[in-house]
Amino acid sequence: MPPPFSLLNFFRNRDTLRKFFAEEVVQRFPNNNPLDVDKVTTGVSMSELEKTPKAETGNVTGLYTEHEEWVVNMGEKTIHAKRMPGFFRTLKYITESFWLILFLGPYLRWNGKQALMLDVNDRQFHIFGLTILPQDIWMVSLLLLLLAMTLFAVTSVASRVFCGYFCFQTTWVDLFTWIEEKIEGNPNARHKLDAAPMDGAKFGKKALKHALWLLIAILTGISVIIWFEDAFVFWGNLLHFNLSLIEVATLIAFTLGTYFLAGFLREQTCLWLCPYARIQGVMCDSQTLVPTYDEKRGEPRGRIRKGAAAEESKQGDCIDCFQCVQVCPTGVDIRQGQQLGCITCGLCLDACDSIMDKIGRPRGLIRYMTLDEVNGLPEKKLYQHPRTLVYIGILLIALVGIIYGLSHMGNLTLRVAPERQPLFVRMSDGSIQNKYTFKVLNKTAGDVQVKVSAEGGVKGQIIVDGGKPQLIHHGKASAFTVFVKAPEENLMSETTKIQFRVENLDDPNMKAEYDTVFTGPKR
Amino acid sequence: MSDNHNSVGGVPTTGHVWDDDLGDFVNQPPKWWMLGLTASTIWVCVYWLMYPSVPVAIAGHHWTGIGLPGSGQWSAISELAADQKVLDDARAKYEDKLKGMTPAAILADAELSEYVARSGKVLFSDNCAACHGQNGVGTVQAGKFAQREKGLMAPILNDDDWLYGGTVDTIHETITGGRQGMMPAHKDVLSAAEIDSLAASVAAGTPAANPLFAEKGCTGCHGEDGKGMQAMGSANLTDKIWRFDGSPEGIKQTITYGVNSGDANARVAVMPSFTAAGKLSDVQMKKLAVYVYKFGGGTPAAAPAPVEAAAAASEAPAAEAVAK
C-alpha cells in the first residue's frame with residue numbers, strides 16, 4: 001500500500017517516481033537512457049555534466065535530468081545559515097532595525113496622548129498632532145497605493161529589496177537565528193546538536209532558545225496591539241491579567257504566528273506561503289538588478305590544486321567553496337541562476353567577495369547585475385525603462401493626493417442634505433420653505449459653536465433661526481436642521497443655487513461651505 | 001488503445017489504460033481528507049441533535065433539539081427578541097429620560113430632540129403617514145372618496161398653519177385626545193346665491209369684506225377677521241393653506257354640506273385619539289408630538305420652557321397642573 005498522496009510525500013517519494021519515469025523513458029528512447037544520469041549525482045560536478053551533455057535540453061529526457069539536479073526545498077532539513085561579515089550584512093542590520101519603530105513607536109507621547117495610535121475603536125488615527133477621521137480615509141487608500149507603487153518601482157529597478165532587507169519575515173528570522181547562533185553555536189555545531197540524542201545540556205540550550213523566541217514573539221504581539229490602543233493602559237491591563245477576549249486572542253495569534261513563522265517555517269514562508277515573493281518575481285525583467293553569479297568568469301569551476309598551474313589557467317574563478325550556499329538564509333545555490341527562493345539579500349555577495357579576497361582574485365564574481373549585462377547587451381538607462389517610470393508616475397500622483405489631502409483637511413467640514421420629501425413646503429403666508437439637514441464635522445480638540453449663513457439663493461430669503469448658535473461636538477459629526485423661507489414671487493426657476501456656510505462664532509477663519517439648491521414649485 | 005498494460009514503476013494502477021499511456025492510480029484518498037470526512041460525519045450527527053432539520057414527534061410534541069449547550073434551544077423568535085434587546089438597550093439611555101419629560105422639555109433639549117427626529121420616523125410612518133402622508137406631506141384623496149372629499153384626507157403637517165395650534169403641547173394634545181372637525185351644513189340656512197357669494201369671497205382670501213360673513217354668523221366660529229379660532233379648531237380662511245379643496249367649487253361644497261355635520265355629502269375630518277386607541281405608549285406620543293413639530297411648521301411656545309423648569313415640572317406633576 002503506497003503512502004497517502006501529498007505534496008510532501010510526492011517529493012519524498014520522488015525516487016520511486018524518478019525510477020518510474022526513467023523506465024518509461026528507457027522503453028521509449030532506448031538510445032538515450034536517463035538512468036545513466038545517476039552517475040552525475042554521485043559526485044561529478046555540474047561543469048563536467050555540461051562538457052558531456054547526456055541529455056539534450058528540450059526533449060523529455062532533458063526535463064527529467066533537470067529534475068534530477070534541481071533541489072526542491074520542502075523544509076525537510078533545517079537550514080542553518082552561516083553569518084559572514086560584509087557590506088550587505090551591515091546594510092541588512094541597518095535596514096532591519098527599521099522595525100524598532102514597531103516596538104518603540106507606541107511609547108511616544110504627544111500632548112499627553114499617544115503620538116501614534118490607530119484608534120480603530122473610536123475610528124480615528126492619531127499621528128502626532130494630526131487626527132484622521134473616517135471622512136479622510138481616502139488618503140489611507142492613496143497611502144496603500146503609494147506603498148504598493150514604491151514596492152513595484154523598487155522591485156523593477158533592484159529586484160526584491162523588500163524581501164531581502166525590510167520584510168518582517170526576513171527580519172524576525174534573522175533575529176531568531178542570531179539568538180540560535182549565540183546559544184547553540186555555529187551552523188556545524190547546530191547540525192551536530194540537532195542530530196545528537198537529547199541530554200541535559202541539549203535540553204537546556206533548546207529550552208533557553210525557545211524561551212527567548214517566545215519572549216520576542218510575545219513582545220511582538222504586545223507591540224502590534226499597542227498601536228491600536230493606549231500602550232500604557234494595555235500594559236497595565238496585561239500585568240493585571242485584565243484583557244478582553246479580543247485582546248487575548250490577538251496576542252495569542254501574533255505570539256504563536258511569530259513563533260512558528262520565524263522559528264520553524266522560516267524560508268518555507270518565503271518559498272511556499274508568501275504571495276509577495278511571487279508577485280515581485282513578475283516585476284523583474286532583463287533590466288532589473290539581481291544578485292547574479294558571473295558564469296563567464298566563474299566557469300568552469302573547480303577547487304584550486306597546488307602545483308597544477310597549467311590546469312589552473314583553464315579554470316574559472318569559482319573555486320566551488322560553497323560559501324555562497326552556506327550563508328544563504330533560504331538555502332539556494334545562486335550559481336544556478338535567479339530563482340524563486342532567492343530573496344536578493346546580498347549575503348552571498350559578501351561571502352564570495354571574502355573568498356575572492358583570500359585567493360587574490362577581483363571581487364564581484366557574484367554581484368548585482370542585470371540580465372542584459374549577463375547577455376552582453378548594452379545597458380539601458382532608467383528613462384529607457386518605461387514600466388518603472390509608470391510606477392513612479394502613479395506613486396507621485398498618490399503622493400500629491402496625500403499632500404493635498406493633509407494640507408486641505410480643514411478643521412470643519414460641512415455636508416448639507418436638502419430634504420427630499422417634500423422638496424418644499426408652502427407656508428400659510430404663501431412663502432416657500434425648504435428644509436436642510438446639516439452635518440458638521442469638527443476635527444479640533446474642543447467643542448465649537450457655529451452660526452449658519454447663506455450666499456446666493458432667493459431674494460428675500462430668511463434662514464429661520466440662522467443666528468442661533470449650534471453646538472458642534474469635537475471629533476464627530478453633529479447634525480441639525482435648518483429651514484430657509486423665501487417669498488414665492490422671487491423664485492426665478494424651480495431650483496436656485498445656494499451656498500451655505502458654517503462659521504465658528506469665536507474664530508471666523510474656521511469655516512466651511514457647501515453648495516446646494518433651493519427648490520420651489522414647478523413653473 | 002495501447003496494449004501496454006504494465007503496472008510500471010511499482011505504482012499500482014487500475015489496469016485500465018487509454019490514450020496510449022494514461023492510467024489511474026489506486027491510491028487511497030489522503031489521510032487528512034479521510035479524517036475530514038469522518039469529522040464531518042460526526043459533526044452532522046451532533047448538529048442534528050442540536051438543531052434537527054426533521055422534527056421528530058415524541059408524545060404529541062415535536063422534538064426540537066437540545067440547542068447549543070448552555071444557551072438552550074434556538075428559535076427564530078428568541079433570536080429576534082435578543083436582537084431587539086440590543087437595540088432597546090442602546091436606546092434606553094434616551095428613552096428613560098423621555099419618560100419623565102414634557103414634550104416641550106424634550107424639544108428644548110438639542111440631543112433628545114435630535115434623537116426623536118431620527119427614531120420618530122418609524123413611529124410616524126407606521127401610525128400617521130397613512131392619512132398625513134410620508135413626512136407629513138398630506139395625502140390627496142383618491143378612489144371612492146375622491147369626489148366627496150376632494151382635497152386632502154388629513155392636514156399637511158410641515159407647514160405653519162394649524163387648526164388647533166402648533167405649539168408642541170397642542171400637537172401632543174391632538175395626538176393623545178384626538179380631534180373632530182365641526183362645521184354645520186348650510187344648505188337649509190343659506191340660499192344658493194348667498195353660498196356662491198360667500199364662497200367667492202373666501203376663495204379670494206377676503207371673507208370679512210363680504211357683509212354676509214358677519215350677517216349669517218360665520219364670524220361665530222371663524223372670527224370677525226376670518227382668521228379662525230384655534231381654541232375650537234375653526235379654519236383660518238385668509239391664509240394660503242386649504243384644509244379642503246380651495247377652489248370656489250370646493251368651498252361651496254364645504255359651506256353647503258359642512259364638516260362632520262351628519263349630512264351624507266359632508267366632509268369628514270377626524271383625528272382619532274391615540275390614548276383611546278391604546279396603541280401607543282405615553283413616550284411614543286410625546287415623541288410623535290416633537291417629531292411633527294420638527295417638520296418645520298411648529299409654533300414656538302410664547303415662553304419656551306427652559307429645560308430646568310421642565311425637568312422640575314416633570315418631577316412634580318401636581319405642580320405642573322397648577323402652573324397650567
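Which residue stands opposite Thr131(A) in strand 5 of chain A? Select His126(A): His126(A) stands opposite Thr131(A).

Before going on, note that this is a predicted model, where local features need pLDDT of at least 70, side-chain atom pairs count only at pLDDT 80 or more, and totals for chains, interfaces and linings use all residues. Residues are numbered from 1 along each chain as its sequence is written, chains are lettered from A and ligands numbered from 1 in the order in which they are written, and side-chain values use heavy atoms, without hydrogens and water.

**The sheet.** Show strand 4 (residues 124-127) with strand 5 of chain A; they pair in the antiparallel sense over three bridges.

**Two helices.** Next, select residues 168-184 and 187-195 of chain A, helix 10 and helix 11. Helix 10 and helix 11 of chain A are roughly perpendicular (65 to 115 degrees). Their contact (heavy atoms within 4.5 Å) includes Thr177(A) and Glu180(A) from helix 10 and Pro187(A) and Leu193(A) from helix 11.

**Chain B.** Finish at Gly23(B), in the segment before helix 1 (31-50) of chain B. Its C-alpha atom is separated by 9.7 Å from that of Pro12(B), eleven residues apart along the chain.

Key. Axes fitted to C-alpha atoms, helices over the stretch in contact; angles between N-to-C directions. Helix = DSSP H or I, 4+ residues; strand = E, 2+ residues; numbered from the N terminus. Parallel < 35°, antiparallel > 145°, perpendicular 65-115°, else oblique. Pairing = 2+ DSSP bridges.
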